[in-house]
Amino acid sequence: MPSVGTLAFDEFGRPVIILRGQDSKKRLFGIEAHKSHILAAKAVANTLKTSLGPRGMDKCMVSPDGDITITNDGATILSMMHVENEIGKLLVQLSKSQDDEIGDGTTGVVVLAGALLEQAEALLDKGIHPIRIADGYELAAKIALDHLDKIAESYPLDLKKLDPLINTAMTTLGSKIINRCQYQMAEIAVSAIMNVADMERRDVNFELIKVQGKVGGRLEDTILVKGVVIDKTFSHPQMPKEVRDAKIAILTCPFEPPKPKTKHKLDITNVEDYKKLREYEKEKFSEMIKSIKDSGANLVICQWGFDDEANHLLLSQDLPAVRWVGGPEIELIAIATGGRIVPRFQELTSEKLGFAGHVYELDFGTTGDHMLCIEKCAKSNTCTIFVRGGNKMIVEEAKRALHDALCVVRNLVRDNRIVYGGGACEISCAIEVAKEANKIPTIEQYAIRAFADALESVPLALAENSGFSPIKLVSDVKSQQIAQNNSRLGIDCLNKGTNDMKAQSVIETLIGKRQQISLATQLVRMILKIDDIRLPAVSTHFRLIFTIDMGSNASIMPQQEDLQTICQQTGFTAKEVQRLYSRFKILDKNNCEFLTRENLLCISEVNINPLGKRLIDVIMEDYGENNKIDFQQFIFLLAKFRRAKFKSSVTEFNTRNSKLRFLFDMYDRNHDMKIDRNELLEVLKMMVGGNVHDDQIEMIADHTINELDKDGDKSITFEEFCKTLERIDADDKMSMKFLT
């Protein structure tokens with residue numbers, strides 16, 4: 001019981017358990033909890049708001065590895081953001097749900113959810129209960145969805161007239177980086193969807209559409225290939241670069257002699273035995289190639305590789321081949337060509353061959369890169385969008401934009417009803433919802449009016465991102481809609497001189513807009529029902545006292561006894577410890593007195609370490625509790641990096657000796673400049689594990705301790721540690737690839 005809490009009794013003799021640590025836990029409840037949720041949601045929504053619309057701004061996301069992504073796709077931005085707050089994570093999942101279900105509108109759904117919560121904050125300040133607000137939002141969402149069905153228009157789906165579908169795809173692509181090729185990309189997306197669409201079932205199989213990218217060229221060089229494009233070439237440079245009327249053998253078995261399933265050993269003791277083995281292998285290769293020839297195939301696509309001898313025999317038999325083709329690509333080729341994937345040569349027959357009218361290599365300028373293109377397949381509904389771009393970032397963003405366009409056209413195939421964009425349908429729904437609010441006699445009418453105001457956040461953001469006066473412009477468009485009873489009037493973001501979105505061909509799918517309102521309302525209702533938050537207890541492992549200096553900011557220092565011990569063990573001065581605590585608090589965004597693995601990856605001293613994330617994992621295992629470390633552990637961690645880095649330049653840290661010093665310091669848990677037998681064993685397993693058996697590593701560790709330990713404390717110094725590694729390096733079988 002003392003480890004859990006204290007047993008007490010009230011005035012009536014009833015037992016009460018007082019749990020330990022409750023006084024140190026942070027708890028928010030009631031209106032404070034709701035305000036905390038709303039603040040977090042507004043922060044995420046405001047981040048995305050500036051990316052909405054054709055004039056929206058792009059975001060530059062830099063990963064911990066230094067990879068740069070420039071995009072304005074809401075789902076991509078949120079997935080790459082490091083969101084710690086729980087409510088913020090819900091908005092990330094909201095955007096992902098919209099992306100998975102619809103493929104477009106990922107920014108708008110987050111902006112709408114943020115606006116609904118912002119309006120709810122004002123209602124909470126008026127004293128309205130959160131449940132009444134949630135109920136009012138649900139009623140308003142139903143009114144808005146019914147109104148969307150009334151103003152929606154049916155769109156013709158005619159394979160001979162694709163312009164309406166292209167206009168819809170162009171609306172999606174208008175806000176992307178690739179909008180200068182807007183029509184071309186929209187045409188490619190529509191052609192790809194209509195090529196694989198099943199119009200009887202009103203469905204599209206996305207697995208038949210492959211989006212392949214290659215750096216180089218221009219965006220205008222992007223093409224639609226009615227077939228399959230794979231990043232492979234023919235296995236031999238002298239094989240023909242083009243095959244007409246190809247009969248393709250699709251193999252998942254390797255070109256190599258059969259091996260027994262049991263453990264075996266073959267000893268070659270003389271030249272005759274070696275010649276017999278060579279003749280046996282050649283005979284098996286010949287049998288494999290003969291079985292392919294007998295089936296009538298004139299092209300081989302193999303999932304596995306084959307050696308030079310098999311490659312030479314294929315060339316001599318005029319049998320072009322492609323090797324190392326991945327599993328998903330093999331499956332796509334089989335679907336496109338109508339062939340069967342063959343796991344054994346004995347099962348290869350003419351009925352299992354695939355057919356393609358034209359197989360050829362694509363060349364790219366002077367780079368020497370090649371790709372294989374398979375066209376005129378037996379099943380012509382398979383296609384590949386081959387994207388070109390000046391750099392990897394452009395290619396990846398083009399692929400994301402094309403994915404959105406493909407999803408929008410797919411949605412039109414499923415449900416060909418559309419509404420008009422530019423904020424027109426949101427303004428029309430806001431007018432209708434506000435009108436219906438006057439008919440509600442209960443207190444929910446306030447929430448319904450707030451819902452109408454929140455709907456206007458989308459056109460307000462569009463106007464603001466386009467450089468207009470948002471309130472004035474939205475008010476003018478709203479008054480025109482009411483006066484003309486025209487739900488097609490929206491924000492003229494591109495200054496085309498008219499607010500009629502039908503004339504501008506700014507079109508959105510009804511199913512996508514309905515999903516936005518439904519998902520945003522569901523999430524907001526769930527958030528409004530949360531009224532209690534309990535955060536983890538603040539660590540008491542490292543006690544802190546506050547010293548307030550008049551005329552300056554408050555400074556935080558460890559207790560004097562702890563401070564002296566830390567300074568002696570780490571080499572930091574008292575002022576450095578104080579500065580490090582400020583740094584710790586900056587990284588500790590949740591104010592929970594702990595740092596996670598993601599927080600550690602943000603430390604420059606960690607990022608400059610070439611051993612990378614593996615060392616962070618080891619540090620968390622050794623020092624962390626529940627994958628977290630407190631301030632004292634954080635101090636010792638930086639002290640280890642300081643020994644490896646601060647005493648030398650960055651260039652010197654990249655040397656082998658500095659890496660070894662860093663490893664030694666990291667496993668020196670007692671900070672006595674020595675490591676014992678178990679610590680040495682961990683280092684060796686980390687460095688040569690996988691190349692050397694564990695028994696050998698243990699033998700090396702024991703031998704090293706027994707031979708080099710001069711003072712009898714069963715531990716070795718850094719110099720002795722280096723001698724151990726020199727001995728290991730002397731054996732080629734035990735080379736340490738970890739430090740290469």
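Mentor: Take helix H14, whose buried residues are Ser457, Val458, Pro459, Ala461, Leu462, Ala463 and Asn465. Buried means under 20% relative accessible area, exposed means over 50%, and partly exposed lies in between (1.4 Å probe, protein chains only). H14 covers residues 457-465 and is mostly covered, with seven of its nine residues buried. Helices here are DSSP runs of H or I with at least four residues, strands are runs of E with at least two, and both are numbered from the N terminus.

The model is predicted: local features need pLDDT of at least 70, side-chain atom pairs count only at pLDDT 80 or more, and totals for chains, interfaces and linings use all residues. Residues are numbered from 1 along each chain as its sequence is written, and side-chain values use heavy atoms, with hydrogens and water left out.

The buried residues of H14 pack against H1, helix H4 (106-125), helix H12 (424-437), helix H13 (444-455) and helix H15 (470-484). A contact means heavy atoms within 4.5 Å. Just after H14, Gly467 takes a positive phi of about 90°.

Two of these neighbours, H12 and H15, also pack on each other, at an angle of about 65° and with their axes 10 Å apart. Axes are lines fitted to C-alpha atoms, for helices over the stretch in contact, and angles run from 0 to 180 degrees between N-to-C directions. H12 and H15 are therefore roughly perpendicular to each other; that term covers 65 to 115 degrees, while under 35 counts as roughly parallel, over 145 as roughly antiparallel and the rest as oblique.

In the loop between H15 and helix H16 (501-504) lies Asn485. Asn485 has a positive phi of about 50° although it is not a glycine, and it is exposed, with a relative accessible area of 72%. Most residues other than glycine have a negative phi.

Another neighbour of H14, H1, packs with H3 (residues 86-101) at an angle of about 45°, with the axes 8 Å apart. That makes H1 oblique to H3. H1, residues 31-49, passes H3 in a right-handed crossing. From H1 the contact uses His37, Ala40, Ala41 and Val44, and from H3 it uses Ile87, Gly88 and Leu91. Five of these residues are nonpolar, two are polar and none is charged.

pLDDT is the predictor's confidence in each residue, from 0 to 100. Over residues 644-654 pLDDT stays under 50, and the model has 21 contacts for them beyond four places in sequence. Residues 732-740 also have pLDDT below 50, with 23 contacts in the model beyond near neighbours in sequence. Where pLDDT is low, the predicted coordinates should not be read in detail.

Technical notes: Left-handed = near helix turned anticlockwise from the far one by under 90°. Nonpolar A, V, L, I, M, F, W, Y, C, P; charged D, E, K, R; others polar.
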